[in-house]
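Below are a few friendly notes to read alongside the model.

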Amino acid sequence: MKRLLAIMVMLLTAAALFAGGIENKTNFTTGWLMNMSRNTETQRPDAVFYNPAGTAFLEDGLYLDLGNQFVFKDYEHKVTVPPVGFGTYNADNVTYLYPNAALVFNKDNWAIFAAFGVFAGGGLLEYTKGTAETAGLILAAIGKGSGLTSADHSFDVYSVTFGEIIGGSYSFQDKVSISAAIRFLQGSQTMEAKQSGTKILNAEASANGIGGIFGVHYKPIDGLDIAATYQTITKMEYTWDKTETADPVLGAVAGSLGIKKSEKFKNDLPAALGVGVGYRIIEELYASVSFNYFFNKPADSTGGFGVDYDNSWEISAGANYDFSKELSFSLGCAYSKQGIEKGKNSSFSPNLDSFCIGLGTSLKFIKDLTIDIAGFKPFYSGTEYATKDGIKMDLEKKSMWLIGIGATYKIF
């Protein structure tokens, strides 16, 4: 039962899109999609997300940055060994709304900033024939006398954690800058199961959290940037605000798993450390390398039911080239190593190691306005998973690609 409960908690985080860590997002902006190495950013207001200390080096003025990502995903898994129901399960969805915004005011050697974005989750998965895990939940109810069957059921899960950043930065002698900010998070998670078109389970949970972000940026010589940013752990304790079940036996099974109104579970956003080194090779070309480390182990991200994730990391490299004052091109790649064992994964939305590439262009044909267009593609590794209980699940497919559109306007 504890294992099934852990799985149900994992269901709620399974709608997550690309993430460098198991929970933490790194694809905040369109700028990241076209160059994943962002930890030394000093030219764009979306530095708030990746290198907040770098905002102190922006030219004086008020900047507004807005963007959205479109995420196309196709997941499929197959169960090959009992006791979970046999079959192939598929979800093919598009996320149309994945927004971000940043506002930065810079004056002389200081800056103040605010930002909004998606820090965890951010997607919907619709399994029209259910999943292996939900089939197991219904089978558990059948074993206790429910009139349900595991056939002809669907399952939808949605998870998103929005957040706001408010802070400031200050530079000393144009060589060193420091920053400090507060981050507020609001998490919302829902799951809905239907049988023959009738809703049999509808559950919603929410949580709030607060944490800090601190950064430093050093320019030892002209053209060279060295930066580091640390995000503290954000404790997130979710409360089931609504749990509705049409079948009383299924309701009792769900309740025994902790899925009942006013019950709580934890899903913390782990602490993260990002470092980067960048160099302007020539006036038109800037290249950088970034490294992010996610402290998953101290965080409670599975409701406290014995699933212990290792820490994870990602490394990226990228370059920006200015063809002219009106047109520039960006290219980047990244490798992400997930800290999760096969027996502790989720079959239908597994956390997999990945190699990613992205590219994009920035158009500056209107004074003080920059339009960004980017494309991004992760390639995942691993195809088969076996749980500690010996349940074998084959990952038939996990495919995803993203398109981002953003705009930056210097108001004055």
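How do the residues lining the largest pocket divide into nonpolar, polar and charged?

1. The lining splits into 13 nonpolar, 15 polar and 19 charged residues. Here Ala, Val, Leu, Ile, Met, Phe, Trp, Tyr, Cys and Pro count as nonpolar, Asp, Glu, Lys and Arg as charged, and the others, Gly among them, as polar.

2. Please keep in mind that this is a predicted model, where local features need pLDDT of at least 70, side-chain atom pairs count only at pLDDT 80 or more, and totals for chains, interfaces and linings use all residues. Numbering runs from 1 along each chain as its sequence is written, and side-chain values use heavy atoms, leaving out hydrogens and water.

3. Of the 47 lining residues, Gln43, Arg44, Glu59, Asp322 and Lys364 lie nearest the centre of the largest pocket. A pocket is an open set of points on a 1 Å grid over the protein atoms alone, where a 1.4 Å probe fits, with protein on both sides within 12 Å along at least five of seven lines; lining residues have an atom within 4 Å of a point.

4. Asn106 sits in strand 3 (residues 99–107), strands being DSSP runs of E, at least two residues, numbered from the N terminus. Asn106 is buried at 1% relative accessible area (buried means under 20%, 1.4 Å probe, protein chains only).

5. A polar atom of the Asn106 side chain lies 3.3 Å from the backbone oxygen of Ala56 and one lies 3.4 Å from that of Leu58.

Key: Helices (H or I, at least four residues) and strands (E, at least two) are DSSP runs, numbered from the N terminus. Buried means under 20% relative accessible area, exposed over 50%, partly exposed in between (1.4 Å probe, protein chains only). A polar contact is a pair of N or O atoms within 3.5 Å; within protein, one must be able to donate a hydrogen and the other to accept it, and residues adjacent in sequence count only if both atoms are side-chain atoms.
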